[in-house]
Structures are given as structure tokens and as C-alpha cells.
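Open the model in your viewer and keep the selection panel at hand. The tour goes from the surface to the sheets and then inside.

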Amino acid sequence: SSSSSSENARFGRSGSLSSIPPPAQKIDVNPPKGTRDFPPEEMRLRNWLFHNFREVSQMFAFEEVDFPVLESEALFIRKAGEEIRDQLYCFEDRGNRRVALRPELTPSLARLVIQKGKSLSLPLKWFAVGQCWRYERMTRGRRREHYQWNMDIIGVPDVTAEAELISSIVTFFKRIGITAVDVGFKVSSRKVLQEVLRYYSIPNNLFGKVCIIIDKMEKIPIDEVKKELRSAELSDEAIEELLQVLSIKSLTKLEEKLGAAGEAVADLKQLFSLAEKFGYSEWIQFDASVVRGLAYYTGIVFEGFDREGKLRAICGGGRYDQLLSTFGGEDIPACGFGFGDAVIVELLKEKGLIPEVGPQVENIVCYLDPDLQGAAVSVATILRGKGQSVDLVLENKSLKWVFKRAARINACRLILVGSSEWQKGEVRVKNLSTGEQYEIKVDKLE
Ligand SMILES: Nc1ccc(Br)nc1
């Protein structure tokens, strides 16, 4: 037809107005509330962070595992009043099953260990980096998903396991430029709490609930904490004694209070002694108020914090020797930690340690003459066959456009496929950092 291309465009190929649908209602192009996209620049930073998680995990000879993001809701139903339970991202699926987006990875790990049972040779040293979810009223505007690095040791009852885990986190911090001046670990044991509750004959089934109340100590007024402890059937005397013990910040004073015979003091003394051997004594401090907010911890607990006190806990973990039996499995001693991908980035920003992770491509290949498109494809394929990264300019673009793109993708060198060189079986190469230019046979490219 003789109509101009713009008229064609308006009428489309069939040339009739009726075939063009009205513009669709524009969708919301943002990700769902509380979730993030990872466009290239953000994805490079995330990959840098996860690469360091994996490098440290493998340095400590841990094996990577993963689990479904979607789990049976039953895996996370605990009755200790945990926030993680209140914010469970759960729903009924089309098969009328109660399911949940995992809020943490440890229950899935416990499920897999039970599933594998006797086929596993202990100890297990497993790590995972997985997306975890919570459904929080957007009134607080917080995120609903984050990625968590977990390392877990299953089958080692000794405190050496917890000491090894803390060493792996210290190793990670050092790799990314964080020092003991920036960050520390508050370390305690839930056996401290256990010994006080036992002294006051508080039944064991209240242990988890009391831990969760205590964990809120820094977040809600102390009178509210006391009120919740009273509702958990603790006497005023037990509450006062408990709060007094939880304010202890020296192992010596703890020993004076509890005596040297109990497991809490013995475990903590061993951990601090091992810290010397691992070389991270300056990173850790005893703080009896640390209990962590997960009901299943039974022994040593620890959390990484920024010494300026501006941020939420960076990471946290501890021993959970009785988790498997809550799922009907045989108990196996275990400990582990979770390390989120958000607070650490806030800390790196604070410290000016966000790495320069720009794009990097070895070659950009372009053709100057429309007839040389096939030649450019063969040059790119030869280079890729040699293991080189190539950005192939897919259309016949001006040199100005090519140089602009080369700068944006940070290409090391430009390969120009031009007719005069191609007739000699050559291409023109320009080193984009030195400016050096030369012609070379294609099969000599390396
Ligand atoms: N457990 C959990 C899950 C997701 C986020 Br964001 N924070 C905590």
C-alpha cells in the first residue's frame, strides 16, 4: 500500500482501526507491598553479599541446602507468643491445605533432617541462603520479605559448635571490612533462665513463653514485661530475681550468682575460652539479657549488634536441642544462626563500605556495514567459545552509539567488524582503557 509508515503504525498491519485494542488499564508496576525488585545494580550488590555468605560457608566446609519457600503452616505453629507466629504469611491453598511462606529456615531444616533420618551421617554442617516472609500490617511500613543466610551444625552437643558458628560470622564480617570496632556479639545461655525458673519451680512448659516475654524487654516498657510475666504465673519474687539476673553483664558475677556447678556457667566459660583460640575474644561479650525471640532455643544464644546502637540486630542464633522432637522426630543436638540481607546493607552504608560492583564485560562486538551482521555474529561466537564475555551489538548502530554503550557496560575492548579488514580476515580491536588500536586475524583473537 502507498500509506506512510506512520499511517501503517496508526492502522497496524491490517490497516483497519477496529483491530487496535484500546490502551489497557495501566497496572501498578511496583512490586507488592513490602517486597523488592532487584534491578541490575541492586542485584550486583545482592550477588556480592551472597557470594561472601557462600565463600565463608564453604571455607568452614558447610554444604549448601535449600527448601521450598512454601511449607505446611504446621511447621511454624508454636504457642509461645512469638512475633514470627503472629506475622505468619499463611493461607489456604486450592487443595484446602493450610500453608505458609516460610518466616525462617530452621524448621524446614529440621523437617529435612527428620525425613532423611538414619541415612544422614552426623555431624551435619549445612548452610542456606533463602527468602523468608512475614505478613505485617503495612501500618509499620516494614518489609515483608528478606533473604537470610543460615548456617547450622546438627549432631554436636558441645559448645565448640556455637564457637565455630560465631567464628564463621566474624570471618564474614572481616571479609567485607567490618571490624570489632563496628560490631560485637552479645552472648548468653538460656540455661541461665532455666536455672532461675527451676529455683522458683516454674514448670518447664512455660520456659519458651517466658523467653519470648524476656526478649521483648528492650522493646516494651518494663512494667508491661512484668505484667506479662505475672500472667505467665511467675511470682513477684521470681520476677524480681529473674530481672536482676538478666541484668548481669559479667561472667564472674553470673558465677557468683548461680554458682560454678551449673551448665550455664560451664558452657559460657568454655565458649569464652574457645573464643580466645579462634581469635575473636574482642568481638564477644556476656550479656544475660540476650534470649532471642525464637521459642526453640535451649542453650547458648547470641546476636550481632552495631556498637553505635543505630540498627536492629544484624544476625542471631543459638542452640536448639529439642526442636526435632516438636515435629515428632528423635531429638538431635543442633545450633545455628540467621543473618538477614537488610540490616547488614544499612551497616555497610553507615560505614562507607558498600563495594563498587559495576557491570564488567570483556568485549563489545559491532559491525559497521549492514552486510557484516553475520560476520559480527561469528566473531562474537568465536570469542564466547574461548570463554570470553561478549556484548554483541545486535543492530547496525553508529560508532557514537557503540562507544556510549561500551562505556555504560564497562567493556574492556571494542571489536569492530569492518569491510576492509574483513576482506583480509581481520577485525579492528580497540583497548578501551589504553586506547591502543590494532588489526588482527580473527583466529588470533584471544
Ligand atoms: N522472619 C522474618 C521474615 C521476613 C522479614 Br522482612 N523479617 C523477618
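Start on the surface. Select Leu368, Leu399 and Phe403: together they make a nonpolar patch with about 240 Å² of accessible area. Bear in mind that this is a predicted model.

Stay with Leu368. Where is Leu368 found? It sits in the loop between strand E12 (361-367) and helix H14 (373-385).

**The open sheet**

Eight strands build an open sheet with mixed pairing, in the order E1-E5-E6-E11-E10-E9-E7-E8. Its edges are strand E1 (63-64) and strand E8 (284-286), each of which pairs on one side only.

Zoom in on E1. Its pairing with strand E5 (residues 124-133) is parallel and runs over 2 bridges. Select Glu64 and look across to E5: Phe127 stands opposite. Keep Phe127 in view, as it returns below among the contacts of Trp149.

**The antiparallel strands**

Now select residues 89-92, which are strand E3. E3 pairs with E4 in the antiparallel sense over 4 bridges. Pick Phe91; which residue in E4 is the bridge partner of Phe91? The partner is Val99.

Follow the chain through the hairpin of E3 and E4, where 5 residues lie between the strands. Stop at Asn96 in this hairpin: its phi is positive, near 60°.

E4 (residues 98-101) also pairs with strand E2 (residues 70-72), again in the antiparallel sense, here over 3 bridges. Select Leu70 to find Leu101 of E4 opposite.

**The cores**

Go inside. In soluble globular proteins, nonpolar side chains tend to be buried together. Here the largest nonpolar core has 79 residues. Which of them touch the most other members? Select Trp149, Phe172, Phe173, Phe185, Leu242, Phe339 and Ile344. Then color helix H5 (residues 160-175), which gives the most to this core, with 8 residues.

Center on Trp149. Leaving aside residues up to four places away in sequence, Trp149 touches Phe53, Val56, Ser57, Phe127, Ala128, Val129, Ser168, Phe172, Phe337, Gly338 and Phe339.

End at the second core, which is separate and has 23 residues. Select Leu120, Ile154, Tyr320 and Leu324, which are among them.

Key. Residues numbered from 1 in each chain as written. Predicted model: local features only at pLDDT ≥ 70, side-chain atom pairs only at ≥ 80, totals over all residues. Heavy atoms only, no water. Core = buried A, V, L, I, M, F, W, Y, C linked by side-chain atoms within 4.5 Å. Buried < 20%, exposed > 50% of the residue type's maximum accessible area, 1.4 Å probe, protein only. Contact = heavy atoms within 4.5 Å. Pairing = 2+ DSSP bridges. Patch = residues over 30% accessible without salt bridge, like charges linked within 9 Å, V, L, I, M, F, W, Y side chains within 5 Å. Areas by Shrake-Rupley, 256 points an atom, 1.4 Å probe, with all protein chains shown as cover. Salt bridge = Lys/Arg side-chain N within 4 Å of Asp/Glu carboxyl O.
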